Amino acid sequence: MNAADNTPILVGVSQRTYRDTGNPNRTPTDALHDALELALQNSGRGEALRGAIDTLCTEPSLLEVSAELGALISRFPGPELVKRLGLKDARCLKAPDGGNGPQMLINHFAKELNQGQRRAVAICGGELTASFKSLLGGGGDISHWPNDVKGDTQQPWAERSGTHSEELRHNLWLPTHMYALFENALRHRYGHSLSEHQEHMGKIMQGLSDTAAANPDAWSYQRPRSAKQLVSFEERSPCLALPYNKYLCAQMNIDMAAAVIMTTVATARELGINEDQWIYLNGCADVNEVWYVAERADLSRSGAVALAGETALARAGCHIDDIALMDIYSCFPSAVEMACDALNIDPFGQRPLSITGGLPYFGGPGHGYSLHAVVTLVEQLRERPNDKGLITANGWYMTKESIGIYSAKPSEMHWQRGDDAALQAQIDAQPHHHIDGAPSGHGHVDSFTVVCDNNGPQQGIIIGSLDSGARFVAHTEQDDALFAQLMSEDVIGQRGVVSSGEQHNLFRFK
């Protein structure tokens, strides 16, 4: 099928992994510049494409989560990059927080390219967090890093905290803790004992570890670990939040950068970009889950992934079984499991769940990992032009979901972005819980985790429901015998009494 002139395509991609951690001569802006220059070269018509780019969008740095750390880096590298790259009058945009960002941006700009609002768009993201830590820890000088000239950088996407005040008050802002709640809810739904669920997680994550070990672009390029090693609580991998140890968590202490350049079929032809370089975004969708975790009816499922996946596949004119290559967002095992459940993917099937090795083993920038997944998919689809690929990208706590379906061939259907507002309305209309900020009375546990440090269990965290139907967030009593029980038993469904407090709510088991 011949694609219409205004069909959006990806024409240039690149990714960099820097292994000389602590190089005092490289700044984060340098890394982004490297990635963008390589993406231009990757198109085969770099100079022609350079003159066509009218938009440059940068991903935020994870370091910006702290005002103190954010002040040490350039939060608005766009104007400097435009100057270095010679992009003349290109508009600078900055993406919002969230791991869904790269795919969301591709979906967004695909529509604007299709509608003639833009001619060519460059998207980049990266972090030098490993070097940041190394240089600061060793007394190094990073005074040359900041170049924080916002200029006319626009931030058209609204920011919104992913954490409810009650979740924040009970130490549920850390992803390690929140995703552990999902994991224990999954374990309960699957009917697994702790050992059975550890084996289940280990088999899934070993597949990702094996992929990363064979991927020269991976940050944690190393020998693969066995399933048992990945889930065991040992001296080198202690429990962080039941049932997670460090090997099951996203690796974001990295030095990596990536870039993607998009345009349309007509512009690519005009610039002389070979069709062998074109990769089509055949279908896409963006859907947010019920925003706050404690409001969600089922902590073990993702309706947003299910709806976004179904819609993206339908827009691409294909089925999940038609997908040969995929990268399921993998910040934690529960993210993989919930997405597989939502998309009807067998996690133990023949298709690898990640083409990179995933966030725990490939590693990646805090908000920009999926840009590396997209680059890898583009590279593989160019070698496999008859295949289709899928990217899922996830922001906050299984909150913001963005999905893309890619191919080296245009869809048999006319390209359409579709209206995701109708999809969001379906999620927003679903029944969800009210969170009680001062709960009192009888209720039951909907999910839980135990936060640990080097001295063992330190804090039990509960999300539960009062008999009235309202949700509560609480801590358990500080009791060694109770911690031992929580570390070995599934207490979901067990009843107790919750009382409110100024610092935190307290749940006592009956």
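Buried means under 20% relative accessible area, exposed over 50%, and partly exposed in between, with a 1.4 Å probe and protein chains only. The model is predicted: local features need pLDDT of at least 70, side-chain atom pairs count only at pLDDT 80 or more, and totals for chains, interfaces and linings use all residues. Residues are numbered from 1 along each chain as its sequence is written, and side-chain values use heavy atoms, with hydrogens and water left out.

**View A. Cys92 and Cys57 without a disulfide.** A disulfide is a pair of cysteine sulfur atoms within 2.5 Å. The whole structure has 0 of them. Cys92 is in no disulfide, and its nearest cysteine sulfur, that of Cys57, is 9.5 Å away. Cys92 counts as buried because its relative accessibility is 3%.

**View B. Cys452 and Cys239.** Cys452 is in no disulfide either; the nearest cysteine sulfur belongs to Cys239, 3.7 Å away. With 12% relative accessibility, Cys452 counts as buried.

View C. Strands (E, at least two residues) and helices (H or I, at least four) are DSSP runs, numbered from the N terminus. Strand S2 covers residues 55–58. Thr55 and Cys57 point one way, Leu56 and Thr58 the other, and all are buried. Two strands pair if DSSP finds at least two bridges between them. S2 pairs with strand S3 (residues 91–94) in the parallel sense over 4 bridges. Thr58 has Lys94 of S3 as its bridge partner. S2 also pairs with S4 in the parallel sense, over 4 bridges. There, Thr55 stands opposite Val121.

**View D. The largest cavity.** A cavity is a set of points, on a 1 Å grid over the protein atoms alone, where a 1.4 Å probe fits but cannot get out; lining residues have an atom within 4 Å of a point. The count is 2 cavities of 30 Å³ or more. The largest has a volume of about 170 Å³. Its lining holds 19 residues, with Pro28, Leu32, Ser61, Ser74 and Gly126 nearest the centre. Helix H1 (28–42) and strand S4 (121–128) each supply at least two lining residues. H1 gives the most, with 4 residues.

**View E. The second largest cavity.** This cavity holds about 30 Å³ of space. Its lining consists of Val305, Ile328, Tyr329, Ala335, Ala339, Thr392, Asn394, Met398 and Glu401. Helix H13 (333–343) and strand S10 (388–395) are the elements that give two or more residues to this lining.

Terms used:
On a 1 Å grid over the protein atoms alone, a cavity is a set of points where a 1.4 Å probe fits but cannot get out, and a pocket is an open set with protein on both sides within 12 Å along at least five of seven lines; lining residues have an atom within 4 Å of a point. Grid points are joined across faces, edges and corners, and a volume is the space filled by probe spheres set on the points.
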